[in-house]
2 protein chains.
Amino acid sequence: MPNPTQPLATLKSRLLEIQHLKDAAALLSWDQETYMPAGGGQTRAEQLATLQTLAHDKFVSPEIEDLLSHHIDPTTRLVQANGLDDASKALLRETWRDFSRAKKLPSDFVNRRERECSLAQQVWAEARRRDDFMHFLPYLQRVVALKFEEIDYMGYDNSPYDALLDTYDPGATVAQLQPLFATLRHGLLELLKHVREAASPPDDRILFQTYDEQQQLAFGKLALHGMGYDFNRGRLDLSAHPFTTSFHPTDVRVTTRVFEKDLPSCLFSCIHEGGHGLYEQGLPQEQYGTPLGEAISLGIHESQSRLWENNVGRSKAFWTHFFPLLRQYFPSQLGAISLDVFHAALNRVKPSLIRVEADEVTYNLHIMVRFEIELALIEKRVAVKDLPDLWREKMQEYLGVTPERDAEGVLQDVHWSLGALGYFPTYTLGNLYASMFFRQACQDVPALETEIQQGHLLSLKDWLNHNIHQYGRQYSSTDLLHRITGRVLSVEPFLSYLRTKIGDIYGFSITR
Amino acid sequence: MPNPTQPLATLKSRLLEIQHLKDAAALLSWDQETYMPAGGGQTRAEQLATLQTLAHDKFVSPEIEDLLSHHIDPTTRLVQANGLDDASKALLRETWRDFSRAKKLPSDFVNRRERECSLAQQVWAEARRRDDFMHFLPYLQRVVALKFEEIDYMGYDNSPYDALLDTYDPGATVAQLQPLFATLRHGLLELLKHVREAASPPDDRILFQTYDEQQQLAFGKLALHGMGYDFNRGRLDLSAHPFTTSFHPTDVRVTTRVFEKDLPSCLFSCIHEGGHGLYEQGLPQEQYGTPLGEAISLGIHESQSRLWENNVGRSKAFWTHFFPLLRQYFPSQLGAISLDVFHAALNRVKPSLIRVEADEVTYNLHIMVRFEIELALIEKRVAVKDLPDLWREKMQEYLGVTPERDAEGVLQDVHWSLGALGYFPTYTLGNLYASMFFRQACQDVPALETEIQQGHLLSLKDWLNHNIHQYGRQYSSTDLLHRITGRVLSVEPFLSYLRTKIGDIYGFSITR
């Protein structure tokens with residue numbers, strides 16, 4: 001009988017080679033957003049397309065298929081990894097999933113998609129600057145056409161939108177999201193009503209005084225250090241849009257942006273990306289290149305960033321330790337401000353036009369707007385050219401505000417230009433997961449809040465490493481959540497967390 | 001009859017894809033030297049090995065061979081590009097040369113070489129820090145063993161060292177270099193004798209006062225701007241060892257280093273690397289990926305950097321314009337210094353231990369030391385373990401100085417750890433070419449010296465673009481030199497240039 005681990009070892013070495021190509025592409029992208037001179041843009045798009053197409057071609061090769069086929073039941077087409085341990089079975093299951101999906105996409109399509117989206121992104125940035133949707137329209141139409149083509153290749157059972165969701169959050173469907181979002185919306189609108197009726201809402205103008213940019217960055221680094229983000233295996237740079245990228249758990253980089261008159265922007269970008277960064281630094285190095293060395297899904301990834309940004313970074317416990325430090329960085333701006341006033345300012349709730357600046361209550365309403373618009377687009381109930389109108393309509397319906405300029409409306413996010421339709425819902429899933437994980441962490445580590453008050457954040461990092469990061473994609477997001485909390489995904493922990501925090505700050509209580 | 005340009009067009013598109021892989025590898029290397037966190041080193045070596053092996057495999061593929069074979073005479077094995085223009089013929093000739101050479105190296109060897117050299121480089125850096133040659137010895141022995149293996153694959157006619165030289169400077173041979181170097185040595189020692197006997201040698205201590213590092217970098221950028229280096233297609237960063245890298249003529253990056261108590265280091269690194277950068281920015285974009293989009297040889301590349309660094313950057317004409325500016329950057333250090341004193345300080349001649357700090361007269365003696373040692377090593381007249389002794393002996397013989405520490409001796413240069421044996425002679429070739437080119441430029445552009453005195457450097461840049469850069473590898477270095485100057489390579493223009501400049505400063509004259 002042949003050694004069952006031999007094809008697996010060969011498979012892993014082939015996956016490693018493909019991973020190196022993806023790492024190189026990731027570095028090309030990171031460089032594009034951080035240090036690349038403007039003149040290099042066009043060639044960079046071609047370099048990226050070549051590398052990504054090569055990685056795709058190498059992955060869907062007959063050799064990989066042959067290696068996988070040692071473990072595939074010819075009748076069920078499922079992985080039968082007899083004689084292997086659970087981790088190896090999971091590795092094969094997830095690689096087979098990736099392979100089956102990738103195999104549906106022709107190499108030529110991958111190449112076209114990369115080029116078109118690279119180009120569309122550049123045009124989008126220009127269109128947003130000029131507040132000119134019509135400039136972007138033909139490019140967005142091509143991107144959407146590519147998505148329809150992709151959906152045709154991928155196939156779906158119910159909504160064509162499911163084919164896109166599945167790319168970013170395996171197993172997520174429209175049928176699952178719609179009731180979840182409906183319950184969430186109901187709870188958020190109720191919260192918002194209380195907020196609107198509150199007698200003395202917090203004032204957040206202290207956050208928008210003049211704050212030296214170098215000092216802001218220094219404090220951002222301090223927060224990252226405190227979270228346990230390892231600068232020997234990472235770095236912080238500036239980019240127009242904050243992001244995290246990884247070339248291996250030993251080289252995980254975060255970026256931020258900094259504005260002199262906006263303290264929260266840099267601060268929460270650092271903490272948010274730091275949450276992503278801890279996930280990537282916490283993945284098992286020995287599984288690098290395999291699915292077990294990768295994050296489960298965008299929803300779980302976002303749970304890590306939102307947990308640190310909101311459940312921790314907007315908590316009074318966190319600022320009990322960090323606010324005195326922040327005051328040392330900005331004595332003239334914050335010297336006379338109390339912890340309570342600062343904490344309330346950080347948690348002010350106010351419907352606004354821009355998603356990335358939204359508070360925790362209205363943030364998910366921004367996501368619902370996008371979800372409904374994308375769904376209508378993919379189900380061909382609206383044309384690309386009519387998106388600006390639909391955007392205004394939905395913003396009014398969900399948030400009660402209407403953008404006057406498309407730059408503050410339909411053009412505000414980069415995602416569609418990148419072809420990332422179906423991505424937005426993962427942000428809300430992340431918020432829901434985050435509250436469930438954080439609640440469980442507080443139960444598992446009874447001293448956690450006290451530790452956070454003292455600035456000791458490593459117990460939380462360790463809990464996340466141990467319960468989530470170390471497994472890579474060994475479990476599905478649903479299974480992982482159940483292993484950790486014993487529960488299925490629900491909106492209640494998130495709403496309950498918000499009702500308590502926002503109720504405390506605004507002076508109301510909602511009993512259930 | 002088939003269209004003769006069809007295989008050529010296909011070939012170019014395949015070469016472009018390979019070029020994108022090489023570009024990605026170049027970015028991985030640039031990043032390693034500039035921004036990579038320390039923890040990422042080990043994986044980076046593996047990523048580089050994968051990309052370079054892939055690029056090699058794609059190049060020596062049957063498809064490339066088949067495309068080339070449309071133009072190869074089956075008897076002579078030479079390119080027969082009937083019906084094509086001269087540029088296309090040159091493209092095929094050079095691609096065939098590269099292919100024939102690359103085909104001799106097994107993929108496994110390329111991969112081993114990349115890994116071993118990446119590792120050896122890290123160990124070398126540590127060994128130099130610790131002044132511990134024995135730490136580096138086993139790694140250097142493996143690198144040298146790899147070079148012997150490479151020489152066996154490549155083959156040679158006379159000296160095995162020719163196989164290495166040919167990698168960096170096609171056509172260069174030991175038989176060509178030895179008489180050239182002998183004449184050069186004779187001329188340099190004569191110069192050095194006059195320098196030693198001079199009554200009042202210049203004092204260069206003014207260059208080693210305290211100079212603010214940010215101001216030094218700002219002035220470096222000013223010089224690069226003045227040379228016509230395009231920052232929209234490039235950038236300047238810091239690295240331990242200054243270098244230039246290109247990912248396309250629209251993205252050519254230079255690095256420098258800066259020391260507070262050493263004005264020449266940053267200044268001349270910037271100008272030197274700027275010369276390399278102008279070559280890369282001046283290559284024809286439409287030939288990108290083909291040999292016609294590449295520099296001819298390291299010797300010609302070095303001629304560009306040395307021309308700008310020495311023939312221009314150490315000339316009185318250059319500083320006539322730039323010294324008043326430099327004084328504005330450093331009024332307290334240079335406000336009371338005259339142009340003549342500054343210019344003389346920049347050109348002080350003194351035998352010293354470190355190549356990269358050497359003056360123009362002794363620089364090539366450093367190269368001769370390395371050439372003789374490498375030749376002895378490759379011709380198996382000396383063992384790796386005996387290199388430190390041989391180094392001391394040759395330094396005493398050529399320069400009259402002996403290093404006490406290996407860190408200032410055999411360990412000073414990175415080249416051997418990278419496997420770059422046979423590389424050093426290109427520096428001297430570059431110096432010789434530089435003087436011949438610059439002399440010709442002064443003849444072709446009679447106003448050149450006056451323009452340089454006025455800070456107008458673009459005529460020189462244009463001359464270099466027009467005569468050298470635009471052709472890529474269309475001509476061999478010998479043919480290019482002959483096209484431009486009507487002459488063959490000789491040491492006399494270089495010696496004559498030095499005799500005049502150094503004689504003026506030291507107050508002697510050598511008549512011929």
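**Reading a two-chain model**

Modeller: Let's start with A:Gln6, which sits in helix H1 of chain A, residues 5-34. Keep in mind that this is a predicted model.

Colleague: How many residues does the contact take from chain B and from chain A?

Modeller: It takes 27 from chain B and 27 from chain A. On chain B's side, the elements giving two or more residues are helix H1 (5-34), helix H2 (41-59) and strand S1 (234-238). H1(B) supplies the largest share, 7 residues. Sorted by class, chain B's side holds 10 nonpolar, 10 polar and 7 charged residues. Also, 100% of chain B's interface residues are interface residues in chain A too, so the copies meet through the same surface.

Colleague: H1(B) and H2(B) also touch each other. At what angle do they pack?

Modeller: Two packed helices are described by the angle between their axes and the distance between the axes. For H1(B) and H2(B), the angle is about 160 degrees and the axes are 9 Å apart. An angle over 145 degrees counts as roughly antiparallel, so that is how H1(B) and H2(B) run relative to each other. The crossing is left-handed. Among the residues that meet are B:Leu21, B:Ala24 and B:Leu28 from H1(B), and B:Leu48, B:Leu51 and B:Ala55 from H2(B). This contact divides into 10 nonpolar, 4 polar and 4 charged residues.

Colleague: How do helix H10 and helix H11 of chain B pack?

Modeller: H10(B), residues 263-282, and H11(B), residues 298-312, have axes 7 Å apart at an angle of about 140 degrees. That makes H10(B) oblique to H11(B). Their crossing is right-handed. The contact includes B:Phe268, B:His272 and B:Tyr279 of H10(B), along with B:His301 and B:Trp308 of H11(B). By class, there are 6 nonpolar, 7 polar and 2 charged residues in this contact.

Colleague: Last topic, the backbone. What is phi of B:Asp131?

Modeller: Most residues other than glycine have a negative phi, and most peptide bonds are trans. B:Asp131 has a positive phi, near 55 degrees. This residue lies in the loop between helix H5 (107-130) and helix H6 (133-154) of chain B. B:Asp131 is partly exposed, because 14 other C-beta atoms lie within 10 Å.

Colleague: And where is B:His248 found?

Modeller: In the loop between strand S2 (244-246) and strand S3 (252-256) of chain B. B:His248 also has a positive phi, near 155 degrees. With 25 C-beta neighbours inside 10 Å, B:His248 counts as buried.

How values were computed
Residues are numbered from 1 along each chain as its sequence is written. Chains are lettered from A and ligands numbered from 1 in the order in which they are written. This is a predicted model: local features need pLDDT of at least 70, side-chain atom pairs count only at pLDDT 80 or more; totals for chains, interfaces and linings use all residues. Two residues are in contact if their C-beta atoms, placed from the backbone, lie within 7 Å. Helices (H or I, at least four residues) and strands (E, at least two) are DSSP runs, numbered from the N terminus. Ala, Val, Leu, Ile, Met, Phe, Trp, Tyr, Cys and Pro count as nonpolar, Asp, Glu, Lys and Arg as charged, and the others, Gly among them, as polar. Axes are lines fitted to C-alpha atoms, for helices over the stretch in contact, and angles run from 0 to 180 degrees between N-to-C directions. Angles under 35 degrees count as roughly parallel, over 145 as roughly antiparallel, 65 to 115 as roughly perpendicular and the rest as oblique. A crossing is left-handed if the near helix is turned anticlockwise from the far one by less than a right angle, and right-handed if clockwise. A residue is buried if 20 or more other C-beta atoms lie within 10 Å of its own, exposed if 12 or fewer, and partly exposed in between; C-beta atoms are placed from the backbone.
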